[in-house]
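Please examine the model below before reading on.

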Number of protein chains: 2
Amino acid sequence: MSGRAAAGQRLPTLEDVARVAGVSRATASRVINGIRNVDPQLHELVWEAVGRTGYVPNRLARSLVTRRTGTVALVVSDSETHDDDPFMGRFFADPYFGRVVGGLMSVLRRSGVQLALQIVGTDEQRTRLVGDLRNGQADGVIVLSLPAHDPLPRMLTEGEVPAVMIGRPADTVPINYVDLANDIGAALAADRLVGRGCQLIGMISGPVDVPASSDRISGFRRSMARRGHGWIPLASGNFTQASGEAAMCSLLTGHPGLDGVFVANDLMAVGALTALRAAGRRVPQDVAVVGFDDSSAALAASPPLTTVRHPLEDMAAESARLLLSRIDDASMRVSSVIYEPTLVIRESA
Amino acid sequence: MSGRAAAGQRLPTLEDVARVAGVSRATASRVINGIRNVDPQLHELVWEAVGRTGYVPNRLARSLVTRRTGTVALVVSDSETHDDDPFMGRFFADPYFGRVVGGLMSVLRRSGVQLALQIVGTDEQRTRLVGDLRNGQADGVIVLSLPAHDPLPRMLTEGEVPAVMIGRPADTVPINYVDLANDIGAALAADRLVGRGCQLIGMISGPVDVPASSDRISGFRRSMARRGHGWIPLASGNFTQASGEAAMCSLLTGHPGLDGVFVANDLMAVGALTALRAAGRRVPQDVAVVGFDDSSAALAASPPLTTVRHPLEDMAAESARLLLSRIDDASMRVSSVIYEPTLVIRESA
DNA sequence: AACACTTCGGAAAGCGCTCTCCAAATCATC
DNA sequence: GATGATTTGGAGAGCGCTTTCCGAAGTGTT
């Protein structure tokens, strides 16, 4: 049907289509883009020529003039690390990243929008990124910001690049974001642990300077205080399984009577489970454990983790929708969406 | 330092830089791209103008003429499913995807190459994709092909698009690929299980029509046969945890005396562990379990899984290197790399 | 039949950049 | 100092596409 140009040849251009159809380039363009009314007869002729030549519009050329690329960038903003730092590897291996991509794609695919992945580690890379974006490299960006104080969000707003963050920025920046009510999630965990009758309840947190983490800490503390637990033992890790195991050990050493623990993410919770088992504590009989994220690790753990469900896919999808409408309507005011987590009860608490 | 153009304004172009520096566009271009010798004085002038104007080259325009985008596409080729099919979500949530991205990025980042994500489900989308690629949408592609018989690899070679597959194509296609010696991995598992003294050994496989999966089956069968186990009970799942649990149940029903099982991936192995526990079997005392992948689930499982380590990041990195050199040298012959897996011994076997 | 109004196709001006070609300038050589 | 060989800067032709502008043709009204 479609006469593919012999491989290796110059590909057919709009010019070729126009010639074959016997019309001007302008008319061919109008037909192909469905713009304005075109005589049905010519219309037909053009499409036939498209079929015969095997024409495929060149997106680059089109973007150059329309100033629209049909591409959205997912930028992962990392703090300055060595190139060989294995951290990024760990980040990608964590289901977090994939869930975000999946959520974004579920929306972007429908709109025929592409996703381009960008990783920036240094300020120089950030500057270059913003420059490229202002130049129309992508129509907008979804930002996944890892460092506690990231200059990127501000750079983006100043550069007037349509952007949506997943997770609230640490500093106050007028940028759209989609976030989770981390404090509510922590309160859910507190409820469960206290409701179960736990007396001495500890917490294993993530790094204290990233917003998602500090919100979980403060939310947990506040909620526990309201229930008469004025002080709770705290150990912090870095969201990895190993750090969770270490934190659990230190918690157990300082407070042997611990009978409940809230862990700020599932991966660390799995580590905590290991430490607990090694210490001869049964879960949930001796120590109840509540995790956070409801990642696949929660279900795989034994016992399966009671955990705060983080609707990450939904949040990512929403951020994509937000970005898309922001791209269509530049005048859109900054608006953000906060999702409420729910508690998934399994066996660990 | 850099005089940012007021936001919302037209961005400075090469033309502007040339004017400010008092040279021609051609000279400015040459200086910026470091091409040919340029009078050191002009050189200086141009860079100064770049700084003063805050000029950032427009990649789109550049790509249009150079026919190089500095972008590589990661294509996930899926079989035709409903748009709302949750399968893709599961795929992204699995660490497999993230590990591939991480491996690719570790190489691409260094070369300043971007990664664009593409998902194609229907043949129409595949056709459009190849068209776009031939038009120079990306310099090459890394293909992650899911369906058993995917037309994409052949379309890509016929379209002369530089491509590297991760995982061997099911049909014989002259395309570069990076794969794992799945059969050797299966043999490693067989060794371990037999070496432990297991008498009745079963296997839980993935879908029988995808190469990675069938290679594990045939490799395991062959290796077991060589050790005197002419026939092994087989149940198959679809690589999900739930399917692993179900498969284990059916295996146990048919062969209550089972004392060893090789599971074709860790996620299913975790499911199998659950089924085993429910059936009152201790692991590894009653039944030894060997998984495949060494994903994070293996370490999180209890007991931690003995598993065949799949060096996915390394493979992805290698595929990126292969693609990059293929892009630089179009004449490069088809060449593939096969990685050998290793066995990671933990507690489950 | 003359007028204003609308509809529609084509010519051509770019979008921002690279790169070929040419002329001018520089250098070396005898 | 004249000649040829080599550098080096600028003019301008595109890359493939969209879109403005304009004139020609068609429609309807008095």
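## Cavities and the DNA surface

The largest cavity holds about 390 Å³ of space. The model in which it is found is a predicted one. In total, the structure contains six cavities of 30 Å³ or more.

The lining of the largest cavity consists of 22 residues. Those that lie nearest its centre are Thr71(A), Gln137(A), Leu60(B), Thr71(B) and Gln137(B). Two or more residues of this lining come from each of α4, β1 (71-77) and β2 (114-120) of chain A, and from each of α4 and β2 (114-120) of chain B. By class, the lining has nine nonpolar, 11 polar and two charged residues.

The second largest cavity has a volume of about 90 Å³. Residues of both chains line this cavity, among them Pro95(A), Leu267(A), Pro95(B) and Leu267(B). The elements that supply two or more residues to its lining are α13 (296-300) of chain A and α13 (296-300) of chain B. Eight residues of this lining are nonpolar and three are polar, while none is charged.

The report now turns to the DNA. Around DNA strand D there are 28 residues, of which Leu14(A), Tyr55(A), Thr27(B), Arg36(B) and Arg67(B) come nearest. Of the atoms of DNA strand D that come within 4 Å of the protein, 59% belong to sugar and phosphate.

| Residue | Protein atom | Distance to a phosphate oxygen of DNA strand D |
|---|---|---|
| Asn33(A) | side-chain N or O | 3.0 Å |
| Arg62(A) | side-chain N or O | 2.8 Å |
| Asp39(B) | backbone N or O | 2.9 Å |

The elements that give two or more residues to the surface near DNA strand D are α2 (25-33) and α4 (59-66) of chain A, together with α2 (25-33) and α4 (59-66) of chain B. The greatest contribution is that of α2(A), which gives five residues. In terms of class, the surface near DNA strand D comprises 12 nonpolar, eight polar and eight charged residues.

Note on methods
Residues are numbered from 1 along each chain as its sequence is written. Chains are lettered from A and ligands numbered from 1 in the order in which they are written. This is a predicted model: local features need pLDDT of at least 70, side-chain atom pairs count only at pLDDT 80 or more; totals for chains, interfaces and linings use all residues. Side-chain values use heavy atoms; hydrogens and water are left out. A residue is near a molecule or strand if one of its heavy atoms lies within 4 Å of it. A polar contact is a pair of N or O atoms within 3.5 Å; within protein, one must be able to donate a hydrogen and the other to accept it, and residues adjacent in sequence count only if both atoms are side-chain atoms. Helices (H or I, at least four residues) and strands (E, at least two) are DSSP runs, numbered from the N terminus. Ala, Val, Leu, Ile, Met, Phe, Trp, Tyr, Cys and Pro count as nonpolar, Asp, Glu, Lys and Arg as charged, and the others, Gly among them, as polar. On a 1 Å grid over the protein atoms alone, a cavity is a set of points where a 1.4 Å probe fits but cannot get out, and a pocket is an open set with protein on both sides within 12 Å along at least five of seven lines; lining residues have an atom within 4 Å of a point. Grid points are joined across faces, edges and corners, and a volume is the space filled by probe spheres set on the points.
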